[in-house]
Amino acid sequence: MTAVAGWNEEVAREIVTRLVALDGAMLPILHALQDEFGYVDPAAVPVIAAALNISRAEAHGTISFYHDFRAAPAGRRVVKICRAEACQANGCEGLLDEVRARAGLSPDVPGDDRLTIETVYCLGNCALGPSALVDGELVGRLDADRLIGLCANGSVEDAQVAAGETK
Ligand code: FES
């Protein structure tokens, strides 16, 4: 499998070797790889599997179980949309349906180098849901117009102001 540009197998192996002796080494390894490269390249799976003496399927299963780990570099704009209970009660699924229908945007599908949309479960902004984290900034009371604008690289601050979240 060809690694995505930016991935460095030698550095990845050094990271795995450095952390493999830890108790529960899998998660520290994955976090360290993502910190280093911004994602966990699929090429890491056989390296991790061999180091931890587990199957590739197990290694892959762990990576895909945790939403924090991405398998490709993030886009320049990263939108993490909350789909936990309170945001669901505030209509996040209908919001996502509308955004999908109007703009063809869906979370958790490979995007391009401009945009990454991911699902997260609770951002601690439950009372102001539907909520999202946009480039690390919390935005609440999302509606479809604002979410589409944010996905198109619109101003996070303007979206916060529009939501009545002026600081
Ligand atoms: S449930 Fe969405 S922020 Fe808590």
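The C-alpha centres of domain 1 and domain 2 lie 29 Å apart. The model is predicted. The two domains come from a domain assignment, which places domain 1 at residues 9–65 and domain 2 at 77–162.

**Figure 1. Overview of the chain with its eight helices and four strands.** In sequence order, the elements follow the pattern α-α-α-α-β-α-α-β-β-β-α-α. Taken along the principal axes, the C-alpha atoms fill a box of roughly 50 × 30 × 30 Å. The chain has 167 residues, of which 41% count as buried. Of the contacts between residues at least 6 apart in sequence, 61% join residues that are at least 24 apart.

**Figure 2. Packing of helix H2 (residues 26–37) against helix H4 (residues 56–65).** Two packed helices are described by the angle between their axes and by the distance between those axes. For H2 and H4 the angle is about 65 degrees and the axes are 11 Å apart. The crossing of H2 and H4 is right-handed. On the H2 side, the contact is made by Met26, Leu27 and Leu30; on the H4 side, by Glu58, Ala59, Thr62 and Ile63. Sorted by class, the residues of this contact are five nonpolar, one polar and one charged.

**Figure 3. The largest nonpolar core, with 23 residues.** The residues with the most contacts inside this core are Trp7, Ile29, Leu30, Leu33, Phe37, Val40 and Ile48. At least two core residues come from each of helix H1 (9–19), H2, helix H3 (44–52) and H4. H2 gives the most, with six residues. Another core lies apart from this one and has 19 residues, including Ile117, Val134, Ile148 and Val156.

**Figure 4. Surroundings of Val40.** Val40 is one of the residues with the most contacts inside the largest nonpolar core. With neighbours within four places in sequence left aside, Val40 is in contact with Trp7, Leu30, Leu33, Gln34, Ile63, Phe69, Arg70 and Ala71. Among these partners, Trp7, Leu30 and Leu33 are also listed with the most contacts inside the core. Leu30 and Ile63 also take part in the contact of H2 with H4.

**Figure 5. Helix H3 and its buried residues.** The buried residues in H3 are Ala44, Val45, Val47, Ile48 and Ala49. Their cover includes H1, H2 and H4. Just after H3, Asn53 takes a positive phi of about 60 degrees.

**Figure 6. Val45 in helix H3.** Val45 has a relative accessible area of 11% and therefore counts as buried, the cut-off being under 20%. Beyond its neighbours within four places in sequence, Val45 is in contact with Arg56, Ala59, His60 and Ile63. Between Val45 and Ile63 there are 8.7 Å in space, C-alpha to C-alpha, and the two are 18 residues apart in sequence. Ala59 and Ile63 also belong to the H4 side of the contact with H2.

**Figure 7. Glu118 in strand S2 (residues 115–120).** Glu118 is buried because its relative accessible area is 8%, again with under 20% as the cut-off. Not counting residues up to four places away in sequence, Glu118 touches Arg70, Val78, Val79, Lys80, Ile81, Pro107 and Asp108. Of these, Arg70 is in contact with Val40 as well.

How values were computed:
Residues are numbered from 1 along each chain as its sequence is written. This is a predicted model: local features need pLDDT of at least 70, side-chain atom pairs count only at pLDDT 80 or more; totals for chains, interfaces and linings use all residues. Side-chain values use heavy atoms; hydrogens and water are left out. Axes are lines fitted to C-alpha atoms, for helices over the stretch in contact, and angles run from 0 to 180 degrees between N-to-C directions. A crossing is left-handed if the near helix is turned anticlockwise from the far one by less than a right angle, and right-handed if clockwise. Contact means heavy atoms within 4.5 Å. Ala, Val, Leu, Ile, Met, Phe, Trp, Tyr, Cys and Pro count as nonpolar, Asp, Glu, Lys and Arg as charged, and the others, Gly among them, as polar. Domain bounds come from an automatic or database domain assignment. A nonpolar core is a set of buried Ala, Val, Leu, Ile, Met, Phe, Trp, Tyr and Cys residues joined through side-chain atoms within 4.5 Å. Buried means under 20% relative accessible area, exposed over 50%, partly exposed in between (1.4 Å probe, protein chains only).
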